[in-house]
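Colleague: I am new to this structure and would like a close look at a single part, the place where the two chains meet. Please take me through that part in one connected account.

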Amino acid sequence: MANAFKDFFMRLFNGLFARKKNIRLGLYGPPNGGKTTLANRISMDWLGEEVGAVSDIAHETREIAVKEKVIIRRNGRSLTFNLIDTPGITTKVDYEDFVRLGMRENEARTRAKQATRGVIDSIKRLDEVDVVIVVMDATQDPYSQVNITIMGNLEARKIPVLIAANKIDLKKANIKALQSAFPKYKIIGISAKYGKNMEDLYSALFEMVK
Amino acid sequence: MLALQFIPFREIEYLNSAKRINMILKVVKDERIVLLEGRLKPHEEAELIRKTMEEIDERFRGIELSVIHPENKDDLLFRRIKTSVINAILGDRKGFTIVGPASVVKEIKKDPDKIQVLTGISLGDD
């Protein structure tokens, strides 16, 4: 009985994606988790071009960037994605944080204003994605409320989600902590910067939407 | 001085999402920490963040937000479904939500059953 239900929903789910031409793949997460680094990695792997600039300073990505028709191939099959790199979601933005990092005050204020706008756009865009990779920094506390709020919203919207535990090249990375915080979800440890475990990520993505 | 305002769930129970969020933000913008009984719905949490971003200005730099919520992993499936349906209709009264102004609350650490609120003021401050 349970299997019949599962089969029914899988058929329905697969049918939905089969009808879609381009699957809208959103990259979500807190600032500085490596979303744009991952977007660049995916885009470079399959299109040979980057999506956006990366920086150690938070809120480098302040506008949604879309790379269309990213075709990912796996075992003779292919899926076409519109790759959507979103600004990091946060609960606070203080221009003085940017000043402390060496920015001029005017520049810092502009960046802070754009960052707040970016968060708003990211949240609005949640209604316009088909699947999501949540990019979490594996060296940081997994119980951050931003992580939990993002996951809760994706679950409530029934959007298939995969967690990329990024920065596993760093010693402090702790995938087990992420697995313990989000036991219901598939988590793939990656290093977007060095391209580590990207094949696993693509396989998991394929599994999720095939 | 650290000011904490407790909001029992019954005070927000019959409010729509916009009013719930406005009530919380009004207290937080007044530099008080909200201790809300229960939790907001996921879309309300996202809306609280969105609205916070709209309100950020020279004085208000955002919020720190954390939810402590007991998960009943051992509950029977039927009981979990029943709880989910009740929560969807009436709201989730279990646990607590802490929302503080970012100017006062620097960080909220969760362990996950223990919460530490790290403030930017020392105990000797007025």
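**The contact between the two chains**

Modeller: Between them, chain B and chain A bury about 2000 Å², and 59% of that area lies on carbon and sulfur atoms. The model is a predicted one. The size of an interface is often given in this way, as the accessible area lost when the parts come together. On the side of chain B, three residues supply 32% of the area that chain B buries against chain A, more than any other three: B:Ile49, B:Met53 and B:Arg61. In residues, the contact takes 23 from chain B and 21 from chain A.

Next come the polar and charged pairs. The count of residue pairs in polar contact between chain B and chain A is 10, with both residues at pLDDT 80 or more. Four salt bridges are found across the interface of chain B and chain A. In a salt bridge between B:Arg61 and A:Glu96, the side chains meet at 3.7 Å, N to O. B:Arg61 is also one of the three residues named above for buried area.

Three elements of chain B each supply at least two residues of the side that touches chain A: helix H2 (42–55), strand S3 and strand S5 (105–110). H2(B) gives the largest share of that side, with nine residues. By kind, the residues of the side of chain B that touches chain A divide into 10 nonpolar, four polar and nine charged.

From chain A, helix H5 (residues 145–156) lies across S2 and S3 of chain B, and it runs at about 65° to S3(B). Both of those strands belong to an open sheet of four strands in chain B, with the order S1-S2-S4-S3 and mixed pairing. Strand S1 (4–7) and strand S3 (63–68) of chain B are its edge strands, each pairing on one side only. Neighbouring strands of this sheet are turned by 20° against each other on average, direction ignored. Strand S2 (residues 33–39) of chain B pairs with S1(B) in the parallel sense, over four bridges. In that strand, S2(B), B:Leu35 is the bridge partner of B:Phe6.

Key
Residues are numbered from 1 along each chain as its sequence is written. Chains are lettered from A and ligands numbered from 1 in the order in which they are written. This is a predicted model: local features need pLDDT of at least 70, side-chain atom pairs count only at pLDDT 80 or more; totals for chains, interfaces and linings use all residues. Side-chain values use heavy atoms; hydrogens and water are left out. Two strands pair if DSSP finds at least two bridges between them. Axes are lines fitted to C-alpha atoms, for helices over the stretch in contact, and angles run from 0 to 180 degrees between N-to-C directions. Contact means heavy atoms within 4.5 Å. Buried area is the accessible area (1.4 Å probe) that two parts lose on being put together, summed over both. A polar contact is a pair of N or O atoms within 3.5 Å; within protein, one must be able to donate a hydrogen and the other to accept it, and residues adjacent in sequence count only if both atoms are side-chain atoms. Ala, Val, Leu, Ile, Met, Phe, Trp, Tyr, Cys and Pro count as nonpolar, Asp, Glu, Lys and Arg as charged, and the others, Gly among them, as polar.
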